[in-house]
Each structure stands twice: as C-alpha cells, then as structure tokens.
Amino acid sequence: MRSPSPKAESDLADPPSAKPGVVRATFRAFQYRNFRLMWAGAFTSTTGAFVQEVAQSWLVYTLTESAFLLGLTAFLNGAPILLFSLLGGVAADRMDRRKLLLFSQYVQTLSALTLALLIWMEVIAVWHIMAAAFATGVGQAFGGPAYQALIPSLVDEEDLPNAIALISIQFNLARVVGPVVGGLAFTTLGAAACFGINGLSFMAVIVSLLIIRLRFVPQKTEAHVLQSLKQGLSFVYRHPSLRALVLLSTITAFLAVPLIMLLPVFARETYGLGARGYSTMMAFSGAGAITGALFVAWLGNAARKGRMSLLMQMALGVATVTFALGTNLWLGCGFVFLAGGAILAVFALLNSLVQLLAPEEMRGRILSVYHTAFRGAMPLGNLAAGSLANRFGAPRVIAANGVILFFIALVYLIRNKQVTRL
C-alpha cells in the first residue's frame, strides 16, 4: 500500500472527524480538482465513443448481415490489447503517463475522423472500419495502463475505490447518453456525423491532460524493457490474490461482454427493432451499469469486496440467461438493465482490489497484466460468441454464457479464499 500523497489546497479532503452523508460519501473523490478534470474529459470522450459505436455496429451489421463480422470487428478493436498492453504497462512505469495518454488520444482521434471522411465521401467499406478499429485498439493498449495507473495519483488511497467506481459511472453514464445522442445523430445526420462527433470528443481529454497537475515521477532504471516486463508478470504470478483476481476478471470478461456486442442481433431478430430500438436497449444497459457503479461508490473502501464481486457475478449469470431466453421487449430491457448493473459492479470491485494490492513502483506493469487479461478476453469472447451465434443463434450462446458465469462464481465463492477474504 502506498502512503497518502501530498495534496494541493484545492484537493484537501474532509477531516477524519467528519461524517459525510450518503451523497457526499458516494461522490467523495470529486473533492480532488485533478480527478474532476479527468472525469469530465473522460466522460465527454466516452460519450463520443458510444455515439460512434451505435453507428459502427449498425453499419457493419447492415452492410454484411453477419454476426461473425460484427464479432470480428470487435475482436480487431481488442486484439491490440493482447499484443501491446504489457508493453504499455512498462511504458507507464518508465515515462510521463500524461504524454503516453496524449499519444493514445491522438491515435484514436485520427481513426475516428478518417472514418467520418470515408463515410461522407461514400467510399466506406467494412475493411476500413476493421482497420480503424485495430488502430484505435493500439491507442487504447498504450493508453489504458497509463490511465489506470494515473488514477491513484489523482486521489488519496482511502478514496481510491470510490474514484474507481466514479470512473465507472462516467463510462456508463456515457453508455446512456451516447446511444441516445448516437441514435438521433445516426437517423437525422447520418453515420459520418457519429464518427465526427467521436473524433472531436477526444479534445476534452487532451485539454484536461494538458492542465492537470500530476504527482507521479517515473523512476530511472537501467533494466531492459523485457526485464521490466518479466518483473511485472512474475509479481502477479507469485501473488496468489492478484493471480486469482486476474483469472476471474478474464473469465468474466470473456463470457459477459458478448451480451452487449450481440445486442444488434437481439434487437433486430428477437424484437424486430431498428436503430432507435437498439440504441434504447443500449441505454437500458448503461443505466443499469450506472446503478451498479453508484452502489460500488457508496460501498467505498468496505471490507469483503471479493465476496461481494462473486455474489454480483451470480446475479449477472441469472440476468443474462433470463434475457437471452425471453421474447418480451420490456422484460428484456429490464434484464439488460440488471445485467448492466451486475457486470459493472463486478468489474469495478475487481479493479479496486487490484489497484489496492499494487505497489506504486509496479503499478503500471501490474495493471497492464490485468488490463491485458481483462480487455484481451473481451475480443476473444466476442469473436467466439459471434462465430457460435452464426451457427446456433445468439439466444442459445448468451444463455450458455450466463449459466457458466453463475457456476464459476459459485465455485470461487465456495473454494477460493484468495478472493473471498479480500
């Protein structure tokens, strides 16, 4: 555990004797100026990403009518996580994390604006979207570990779980706002506008990165990059609790995330909806995720977060199965809401535990291992689910994933003390 960092006057927290109310406790990390700036920039950018996702998912599926190619596009976006995130973690421990994040934003901005131009010129092809998805993934592979490692530099340790939950809230608030804006922009202005909005939204993160005050100074080292990488992998492997958390997050991401990826298939084939109906389902998922994040933020640095994450994963499994087998639209939206809340709670709790267990000098590398396993499992899960959905149908595949999620959590709850005692 790191000791509390010195804070600027504007970042001073409540005195120990203060007893904040529910609302103040839930949003405690907003006391810190740097955190507020990063939160606002990230929210704007993430909203833009979901505006683009509405257009991109619908565009790919409309052009190809292939669940496999929908999954392949998602796979190509996440594949760089598997290829480069570990190197991104080494970079996050060796260089200015702010500069690394700026590089990430520039790459993603260029990818989005290039697609907007190609769509506007009416020369867009599926391979353009796939190539841009891969390029965006490269930026995220280097930016992700730096961003995660940056969060503890913005708040004190006791407020870190709350900060992580609030970061999850901004992500999932964007999942509510983004699809609504994206649906309106897509149906009234066209797909090019959605990609253009996303490209411009990165300016919010760039501006916030340029004005925040950071306390992290990378330590000088003569170690080779590969040696530093090996140190990070070895630390996680030799730490039973970290190893268990990484494995659990990998399995959960592989099985849970395909529900969101295959929503266009459910919207069109199960419920007979168009783009607006699909964006509405996405909004329900995002609203549920916000609710789950608020719950985790309210918990703060409570004990037994590991046990709570397993209970939430069991709830996720039940909600996933029920959604997959249902045919009523509003019940389906309700279970998408519950699934969104449960999956967010699981990921926020696991992320908090990894952050709290990671020493500052190894934080970038440890988080890159977690980031690689967690984010890398998503495209693999999307690719597998998309391929199986083409053969067996999306409802059967998602229902099977939900059953496996439930029983894996049950096994961990009964047998894995490394997680339940945290």
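This is a predicted model: local features need pLDDT of at least 70, side-chain atom pairs count only at pLDDT 80 or more; totals for chains, interfaces and linings use all residues.
The bend at a residue is the angle between axes fitted to the seven residues ending there and the seven starting there. A kink of about 35° lies at Gly143, shortly before the proline Pro145.

Helix α5 covers residues 126–150. Its 25 residues should span 36 Å at 1.5 Å a residue, and its end C-alpha atoms lie 35 Å apart, so the two values agree. Most of the helix is covered. Of the 25 residues of α5, 20 are buried, so the helix is largely enclosed by the rest of the structure.

A search of the whole structure finds 9 aromatic pairs. Phe35 is buried, at 1% relative accessible area, whereas Phe30 is partly exposed, at 24%. The cut-off for buried is under 20%. Ring pairs also link Phe30 and Phe35 with Phe27, Trp39 and Phe43 in a cluster.

A nonpolar patch lies on the surface. Leu82, Leu83, Phe134, Phe254 and Leu380 form this patch, with about 400 Å² of accessible area together. Leu380 belongs to helix α15, residues 363–392. With a relative accessible area of 35%, Leu380 counts as partly exposed.

Terms used
Residues are numbered from 1 along each chain as its sequence is written. Side-chain values use heavy atoms; hydrogens and water are left out. Rings of Phe, Tyr and Trp (its six-membered ring) pair if their centres lie within 6.5 Å; planes under 30 degrees apart count as stacked, over 60 as edge-to-face and the rest as tilted. Buried means under 20% relative accessible area, exposed over 50%, partly exposed in between (1.4 Å probe, protein chains only). Helices (H or I, at least four residues) and strands (E, at least two) are DSSP runs, numbered from the N terminus. The expected span of a helix is 1.5 Å times one less than its number of residues. Patches are made of residues with over 30% relative accessible area and no salt bridge: like charges are joined within 9 Å, nonpolar side chains (Val, Leu, Ile, Met, Phe, Trp, Tyr) within 5 Å. Accessible areas come from the Shrake-Rupley method with a 1.4 Å probe; for residues, only the protein chains shown count as cover. A salt bridge is a side-chain nitrogen of Lys or Arg within 4 Å of a carboxyl oxygen of Asp or Glu.
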